[in-house]
Amino acid sequence: MFKKVLIANRGEIALRVIRACRELGIATVAVHSTADANALHVRFADESVCIGPPPSKESYLNIPQLLSAAEITRADAIHPGYGFLSENAEFAKVCRDCKIHFIGPRPEMISLMGNKVRARNAAREAGLPLLPGSIGTVKDPKEAEAFAREIGFPVILKAAAGGGGKGMKIVREPHALAQAFSTAAAEAVASFGNGDLYIERYVEKPRHIEIQVVADEHGRIIHLGERECSVQRRHQKLIEESPSPALTPELRQQMGEVSIRAMEKLGYNNVGTIEYLLDENGRFYFMEMNTRIQVEHPVTELVTGIDLVREQIKLSSGEPLQRKQEDIQMRGHAIECRVNAEDPVTFAPWPGKITAYSVPGGYGVRVDSSAYENYTVLPYYDSLLAKLIVYAEDRPTAIRRMQRALGEYVVQGIRTNIPFHRAAMAEDSFVEGNYDTRFVERLLASETGTHRLKKAIEETP
């Protein structure tokens with residue numbers, strides 16, 4: 001087991017890793033920018049090192065500074081959290097070259113899954129179902145149009161090197177393809193430094209389902225069921241739940257077994273998430289794989305009773321999996337709402353000082369956050385303020401529990417999207433479990449949804 005872990009991250013995920021390490025008896029090192037000097041992860045770690053000024057590229061993305069911090073504190077492992085360098089294959093490789101354990105999969109696996117075209121080809125070879133589309137990148141609009149006519153409109157252009165909705169354009173008619181190609185390529189270059197695009201058939205009403213896999217260094221792999229992540233805005237997830245109301249036990253088993261077989265063929269190690277699109281007919285297709293801990297991992301923890309971050313650390317240290325697939329039992333229902341520092345209507349970021357802060361509590365309520373009263377939400381980083389997670393014996397009870405918890409959450413001095421979550425929890429399609437990735441768009445466009453949102457804003461403390 002590791003003796004000291006440096007957490008190359010900030011905010012709630014850095015705190016999450018610190019807590020897991022403490023329970024494992026591992027010392028921790030927090031790194032921070034000058035702007036984060038008073039952050040909770042800095043206070044709660046055993047040691048802390050300032051690694052640069054506020055801009056991420058000069059601090060949390062500064063590989064030499066991170067490695068220097070690990071060297072001077074004699075940390076023998078680095079946990080990257082999520083975001084920042086968590087899926088940077090070069091960082092993982094440099095850690096390995098410096099004899100520092102990178103808590104995550106091998107650099108080669110991160111590199112393979114980091115390029116969406118290579119990932120699709122690897123997924124195809126490993127037996128995962130794929131939407132019809134280009135095998136490799138498409139070099140120009142003319143080639144893209146040829147593929148589009150072959151597989152049928154609508155199609156979607158995607159950046160080969162990225163995700164999160166950047167470099168992604170839906171095209172419904174041939175005449176719109178050239179402009180969409182140019183715009184998507186420009187976005188991809190700006191976001192990822194790589195303008196390569198690929199094309200695939202577009203599913204009109206997809207659900208976003210992901211399978212959590214866990215693998216040790218000895219070839220053993222299991223899955224921990226699925227998460228439903230269809231409530232999104234601009235491809236950014238807002239609400240996640242487990243299990244998915246869209247999956248039957250048979251489909252859940254099929255998706256899990258297909259995922260495990262693929263990961264066995266690829267030789268995957270550590271934790272990872274395989275993301276699928278589920279169409280209206282119950283057919284699922286590989287979309288991408290995230291080779292890190294997910295923001296929404298708590299919902300899986302609550303329905304399986306397994307601490308994923310603790311498991312991740314143990315697996316990276318070489319410990320074998322202690323569970324078999326038949327040992328995994330999903331019980332009850334969990335829902336996570338991402339509480340962001342942003343306007344609940346426009347979703348524009350809303351940094352500033354929190355003048356009053358009180359989190360909800362009670363049975364079945366969990367809050368993962370690094371915020372506190374008089375904490376200043378900084379403009380340099382992601383707007384995620386907290387993750388509010390509830391657990392109950394069934395989905396209807398979990399929804400009511402989330403509604404109750406959202407009503408207790410007090411954040412003053414800045415705006416948050418708590419009113420949006422309150423409106424979403426009351427929306428009929430969500431309550432019925434009959435929603436897809438355009439849920440947010442429909443809610444904001446409907447008279448009932450906007451009325452609920454306005455009322456939630458008025459009632460939010």
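How far apart should the ends of helix α12 (residues 395-408) be at 1.5 Å a residue, and what distance separates its end C-alpha atoms? The 14 residues of helix α12 should span 20 Å, and its end C-alpha atoms are 20 Å apart, which agrees. This is a predicted model, and its chain holds 16 helices and 20 strands.

**The chain as a whole**

- For 461 residues, a compact globule would have a radius of gyration near 23 Å, and the chain, with 22 Å, agrees with that expectation.
- Taken along the principal axes, the box filled by the C-alpha atoms is roughly 60 × 55 × 45 Å.
- Of the 461 residues, 57% count as buried, while the chain exposes about 18700 Å², of which carbon and sulfur atoms supply 49%.
- Among contacts between residues at least 6 apart in sequence, 66% join residues at least 24 apart.

- Three strands, in the order β7-β6-β8, form an open sheet with antiparallel pairing; β7 (169-171) and β8 (197-201) are the edge strands, each of which pairs on one side only.
- Neighbouring strands of this sheet are turned by 25 degrees against each other on average, with direction ignored.
- Strand β6 (residues 155-159) pairs with β8 in the antiparallel sense over five bridges, and V155 has R201 of β8 as its bridge partner.
- Helix α7 (residues 141-151) lies across β6 and β8 and runs at about 15 degrees to β8, whereas helix α8 (residues 177-192) lies across β6, β7 and β8 and runs at about 170 degrees to β7.

**The eight-stranded sheet**

- Eight strands form an open sheet with antiparallel pairing, in the order β13-β12-β9-β10-β11-β14-β19-β17; its edge strands, β13 (284-290) and β17 (365-369), each pair on one side only.
- From one strand to the next, the twist of this sheet averages 25 degrees.
- Within this sheet, strand β14 (residues 333-340) and strand β19 (residues 384-392) pair in the antiparallel sense over eight bridges, and I335 stands opposite V390 in β19.

**Helix α12 and its surroundings**

- The buried residues of α12 are R395, T397, A398, I399, R401, M402, A405 and L406.
- These buried residues pack against the strands β11 (236-242), β14, β17 and β19, and also against the helices α13 (418-426) and α14 (428-431).
- The strands β11, β14, β19 and β17 belong to the eight-stranded open sheet, with β17 as one of its edge strands.

Note on methods
Residues numbered from 1 in each chain as written. Predicted model: local features only at pLDDT ≥ 70, side-chain atom pairs only at ≥ 80, totals over all residues. Heavy atoms only, no water. Pairing = 2+ DSSP bridges. Helix = DSSP H or I, 4+ residues; strand = E, 2+ residues; numbered from the N terminus. Axes fitted to C-alpha atoms, helices over the stretch in contact; angles between N-to-C directions. Contact = heavy atoms within 4.5 Å. Expected span 1.5 Å × (residues − 1). Buried < 20%, exposed > 50% of the residue type's maximum accessible area, 1.4 Å probe, protein only. Rg over C-alpha atoms; globule rule 2.2 N^0.38 Å. Areas by Shrake-Rupley, 256 points an atom, 1.4 Å probe, with all protein chains shown as cover.
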